[in-house]
Amino acid sequence: QGNRGGYAHFEEFTALAQQKKIIFLSGDIHTNQFVSHGVPHSGFCEVISSGAYLPNDPSSNRYGLLDIQSDRVEVKLYNQAGLEISKTISRATGLPI
C-alpha cells in the first residue's frame, strides 16, 4: 500500500524531496538517464548511469561526473562514444536550468 513501482519508501522519499534539494544517484541498468520526477515544486532529480568498467560487456560502459559549484551542479553522463547527456541543476531551486 502506498507503494510506487515496488519501492515501499517512495512516498517518504518524495516528501523529503519537497523539503530538500536532492540529486539521487543510481545505476546498474546499463543506460544513462537524467530524470526529473515531477514532484511539484521540489528539487528531486535522479541521475542514472552504470559501471565505468565492465570487462565482460565493453559496449555498456557508462559513467557520470558531477561538478559541484556554489550556484549549480553540472551533470555529465558518458557512454563508450563520449558525452551523451549534459544537464545543469540550480542549487537554489534544485531544478534543471
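I take two strands as paired if DSSP finds at least two bridges between them. Strands (E, at least two residues) and helices (H or I, at least four) are DSSP runs, numbered from the N terminus.

**Basis.** I am working on a predicted model, where local features need pLDDT of at least 70, side-chain atom pairs count only at pLDDT 80 or more, and totals for chains, interfaces and linings use all residues. I number residues from 1 along each chain as its sequence is written, and side-chain values use heavy atoms, with hydrogens and water left out.

**Whole chain.** I looked up the elements and found one helix and six strands in the protein chain. Along the sequence their pattern is α-β-β-β-β-β-β. Of the 97 residues, 31% count as buried (under 20% relative accessible area, with exposed over 50% and partly exposed in between; 1.4 Å probe, protein chains only). I also checked contacts (heavy atoms within 4.5 Å). Among those with a separation of 6 or more, 28% are between residues 24 or more positions apart.

**Strand 5.** I then turned to residues 72–79, which form strand 5. Six of its eight residues are buried, so strand 5 is largely enclosed by the rest of the structure.

**Side facing strand 4.** Strand 4 (residues 63–68) pairs with strand 5 in the antiparallel sense, over six bridges. I noted Asp67 opposite Glu74 of strand 5. The link from strand 4 to strand 5 is a hairpin of three residues.

**Side facing strand 6.** Strand 5 and strand 6 (residues 82–90) run antiparallel and are joined by eight bridges. Here I noted Leu83 in strand 6 as the bridge partner of Tyr78. A hairpin through two residues joins strand 5 to strand 6.
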